[in-house]
Structure formats: C-alpha cells, structure tokens
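Work through the exercises below with the sequence and the model side by side. Try each task before you read its solution.

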Amino acid sequence: MKMICWLSFFAFHSIAQAQVLATVGNQKITVKDFNKKLADVRMASPLNTPTPEQFLEDLIRFEIGVQEAQKIKLQNDPMVKERMKQALYGVLLEKKLGAKVEGIKISEGELKAYYKNNPDLHLAHILIDVKPNATSQEREVAKRRALEILEEVKASKRPFAELVKLYSDDIPTKEFGGDIGFQSRATLSPEIYSFAQGMSKGQIKGLVETQFGYHILQLVDRRSYELADKRQIRLSLFESKRAQIFNNYFNSVKKKYKVSVDAKALQSLKK
C-alpha cells in the first residue's frame, strides 16, 4: 500500500512539473522550467528575488523578445553571430574544463616552490623613451643613446638615484630615483621580469627592450616568502595551473585543425 502511495506521489509530481504554466506564441513555459529558472535566480540573488508573478512576467517578456527577434531575422545579424560564437566558446570551456579548474588544489609546499621561482622584485630603472610610432631608424638611434648611457652609468661612482635624474625619460618615477617599488611577475612586463630575475641585489644592468623603450635596471631587493602576500601568490599559482589546463586542452584539440599564420603580416603588426 505504501509503495502505491509513493508511486502515486511521483506520478502526480511528474505531471505537475510538466504542466504548462503559460504559452507565449509558439513557446510553452512549464512548471518545471519556471521552478528551475526561479531557483537559479534565488541562488544568485537570495536577498532580492522577484515574486512568482513578477518572474513569470519576466519569462513571458523574454519569450516575446526572442520571438520578435526571430521574426526580423536578428539571428543573421553579424553582431548576434559573433555573440553566439562567444557563447559557444564559453560553454565549451565550462563543459570541458570547468570541473578540472574547480578541482585545482594548492598546498603550502607548492606555494613556497612557486614563489621561489617567481619572487616579488624591488626595482628602479632608467628609461630611454621610444615613441609608439617610432621608425626602425628612430628606435636604433634610441638604442645607441641607451647603450651610451649604460656605459656612463656603469663607470659612474654616483648613486643610481642621481643618475636616474640625469638620464631617465620616465617622468613619474624620475623624482623618486626611478623606484617602481616591489613588483610581481604579474605586474611587470615579461621582458623586464625575466631579465631582473637573474640579477643580484644592488646590481645595475641593461639593456631591456620593451614597448616603451630601453630600460637600465637596478635590483634593489627581493621580498622574502615570509613577507610576501600569500593570497596573491595563491592567486598567481592558481592562474598558472588554470592556464596549464587550458594549454593542455587546446594543444590536444589543435591537432585536429589546419592552422596557418602569415608571419610577415604578423611581423608588420609589431612595427
């Protein structure tokens, strides 16, 4: 008897969920659809959820809007197609990689090992400016000037901060001896960070070329792990692990597609 009652309950529940709550043109809104979508809204914003009546009106307006858009063939609009591609890409990543990213775990040992290879660096610099639209000839002139300044800096007995005031084109840091404070791998350009990482404390070295020009660097200090922002290290390591998951996936999938790059066109974009 009890089994019959349970079966009757589930049958009734299934029928109730399939019941059509509203019809909008050619689209039906079932009780099941309504409950699921309302539950999602309540989870996302538990303190500001609409009443069932308000939410049903929102769903009706949504369906009206979609059907109106289809009538005027907005699905063929280039902007809509581009957004659809973005949505497909996002859903693909969520389906294929979401669980792996959520499953990332980081131990204290991993944090220390990561920071050892990616410490915060305290730098000061002299910048020999190169304008964004500079020609190759103008860039070469700037490089020769930078090399001359580098030799003068190496030979000088004066403090680096004084030399910055003489030679640097970086106005914001010039009055502070070129000091840019402690920086992480995430906040420095890859060229500068990789170069400075191999320097010893107090060393002055150059040149490093970036989009801004040529840099002469002084490594002022390295921040110890004990004084470092552990939360920031964790975020950086998480991002590194996440990037590795993405790289592994696309390196695998990329083999299925023929990809060609116009090297000359790419090079022209860098000028």
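**Exercise 1. Where is the place of Asn118?**

Solution. Start with the ground rules. Residues are numbered from 1 along each chain as its sequence is written. The model is predicted, so local features need pLDDT of at least 70 and side-chain atom pairs count only at pLDDT 80 or more, while totals for chains, interfaces and linings use all residues; side-chain values use heavy atoms, with hydrogens and water left out.

Step 1. Find the loop between helix H5 (108-117) and strand E3; Asn118 sits there. Helices (H or I, at least four residues) and strands (E, at least two) are DSSP runs, numbered from the N terminus.

Step 2. Check the accessibility. Asn118 counts as buried, at 12% relative accessibility. Buried means under 20% relative accessible area, exposed over 50%, and partly exposed in between (1.4 Å probe, protein chains only).

Step 3. Follow the side chain of Asn118. It reaches the backbone oxygen of Tyr114 at 2.8 Å. It also makes a polar contact with the side chain of Arg185 (2.5 Å). A polar contact is a pair of N or O atoms within 3.5 Å; within protein, one must be able to donate a hydrogen and the other to accept it, and residues adjacent in sequence count only if both atoms are side-chain atoms.

Step 4. List the contacts, meaning heavy atoms within 4.5 Å. Leaving aside neighbours within four places in sequence, Asn118 is in contact with Arg185, Tyr193 and Gln197.

**Exercise 2. What is the order of the strands in the open sheet of four strands?**

Solution. Step 1. Read across the sheet: the order is E4-E3-E6-E5, with antiparallel pairing. Two strands pair if DSSP finds at least two bridges between them.

Step 2. Look at the edges. Strand E4 (179-183) and E5 stand there with a single partner strand each, so one side of each has no neighbour in the sheet. On average, neighbouring strands of this sheet are turned by 35° against each other, direction ignored. Axes are lines fitted to C-alpha atoms, for helices over the stretch in contact, and angles run from 0 to 180 degrees between N-to-C directions.

Step 3. Take E5 with E6. Strand E5 (residues 204-210) and strand E6 (residues 213-222) pair over six bridges in the antiparallel sense. The two form a hairpin with two residues between them. Val208 has His215 as its bridge partner in E6, and Ile204 has Gln218.

Step 4. Take E3 with E6. Strand E3 (residues 121-129) pairs with E6 over nine bridges, again antiparallel. Ala124 stands opposite Gln218 in E6, and the partner of His122 is Asp221.

Step 5. Judge the burial of E6. Seven of its 10 residues are buried, so E6 is largely enclosed by the rest of the structure.

**Exercise 3. Which helices lie across E3, E5 and E6?**

Solution. Step 1. Find helix H7 (residues 160-167). H7 lies across E3, E5 and E6, at about 25° to E3.

Step 2. Find helix H9 (residues 190-197). H9 lies across E3, E5 and E6, and runs at about 160° to E5.

**Exercise 4. Is Asp129 buried or partly exposed?**

Solution. Step 1. Locate Asp129 in strand E3. Its relative accessible area is 28%, so Asp129 is partly exposed.

Step 2. Look along the chain. Asp129 and Phe212 are 83 residues apart, yet their C-alpha atoms are separated by 6.1 Å.

Step 3. List the contacts. Neighbours within four places in sequence aside, Asp129 is in contact with Ala142, Asp169, Phe212 and Gly213. The side chain of Asp129 also makes a polar contact with the side chain of Lys131 (2.8 Å).

**Exercise 5. At roughly what angle do the axes of H2 and H3 cross?**

Solution. Step 1. Take helix H2 (residues 31-44) and helix H3 (residues 52-71). Their axes come within 11 Å and cross at roughly 110°. That makes H2 roughly perpendicular to H3. Angles under 35 degrees count as roughly parallel, over 145 as roughly antiparallel, 65 to 115 as roughly perpendicular and the rest as oblique.

Step 2. Name the residues that meet. H2 brings Phe34, Lys37, Leu38 and Val41; H3 brings Pro52, Phe55, Leu56 and Leu59.
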